[in-house]
Amino acid sequence: MDKFDCDVCCSLENIPARYYYKYGLKDGLNEPWMDYNWCNPPFDNCAKWVKKAYGEQLVGRTSILLIPVRTETAYWHDYILHNENVEIYWLRKGPKFLDPNTKQEMGVFKNALALVLFKGVK
């Protein structure tokens, strides 16, 4: 996979895909996803996006999510940790994000993050 088909939860400043659902305008939680998807959801709403990625996985769609490592939560246990078709890539250092209001770079994100790959299965 050299390109994502769809960014399901993007800002217009950074779209790493051919198609996209802009967060706040077109709801990626209610739209069908494509074969290969990127998702960097709002961190305060990860559970819904992880559940959606899991549902899309069951119909053969592959997604990668950048999310906080919150292994104590139900959604990590229900959809990620015990899912044989998930790969977790633990990030050693937090990335910097852009402030959605000012578009300025913020400091390094201090909490642990992971890239979670939901491999599509049928």
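Which residues are exposed on the other side of H2? They are Ala-74 and Asp-78, where exposed stands for over 50% relative accessible area, buried for under 20% and partly exposed for values in between (1.4 Å probe, protein chains only). The model is a predicted one, in which local features need pLDDT of at least 70 and side-chain atom pairs count only at pLDDT 80 or more, while totals for chains, interfaces and linings use all residues. Residues are numbered from 1 along each chain as its sequence is written, and side-chain values use heavy atoms, with hydrogens and water left out.

We can now turn to the other residues of this helix. Helix H2 spans residues 74-81, and its buried residues are Tyr-75, Trp-76, Tyr-79 and Ile-80. Seen down the axis of H2, these buried residues fall within an arc of 110°, so they line one face of the helix; the arc is taken from the directions that lead from the helix axis to the C-beta atoms. Helices (H or I, at least four residues) and strands (E, at least two) are DSSP runs, numbered from the N terminus. The cover over the buried residues of H2 includes helix H1 (46-58) and the strands S4 (62-68), S5 (86-90) and S8 (113-118), with contact meaning heavy atoms within 4.5 Å.

Next comes the sheet. Six strands form an open sheet in the order S2-S1-S3-S4-S8-S5, with mixed pairing; two strands pair if DSSP finds at least two bridges between them. Strand S2 (17-22) and S5 are the edge strands, each pairing on one side only. S1 and S3 run parallel and are joined by two bridges, and Cys-6 stands opposite Asn-37 in S3. H1 packs on the sheet, where it touches S1, S3, S4, S5 and S8, and its direction makes about 160° with that of S4. H2 lies across S4, S5 and S8 and runs at about 120° to S5. For these angles, axes are lines fitted to C-alpha atoms, for helices over the stretch in contact, and values run from 0 to 180 degrees between N-to-C directions.

Aromatic rings complete the picture. Rings of Phe, Tyr and Trp (its six-membered ring) pair if their centres lie within 6.5 Å; planes under 30 degrees apart count as stacked, over 60 as edge-to-face and the rest as tilted. By this rule there are four aromatic pairs. One of them is the tilted pair of Phe-4 and Trp-38, at 5.6 Å centre to centre and 50° between the planes. This pair links distant parts of the chain, 34 residues apart, with Phe-4 in strand S1 (residues 4-10) and Trp-38 in strand S3 (residues 36-39). Both Phe-4 and Trp-38 are buried.
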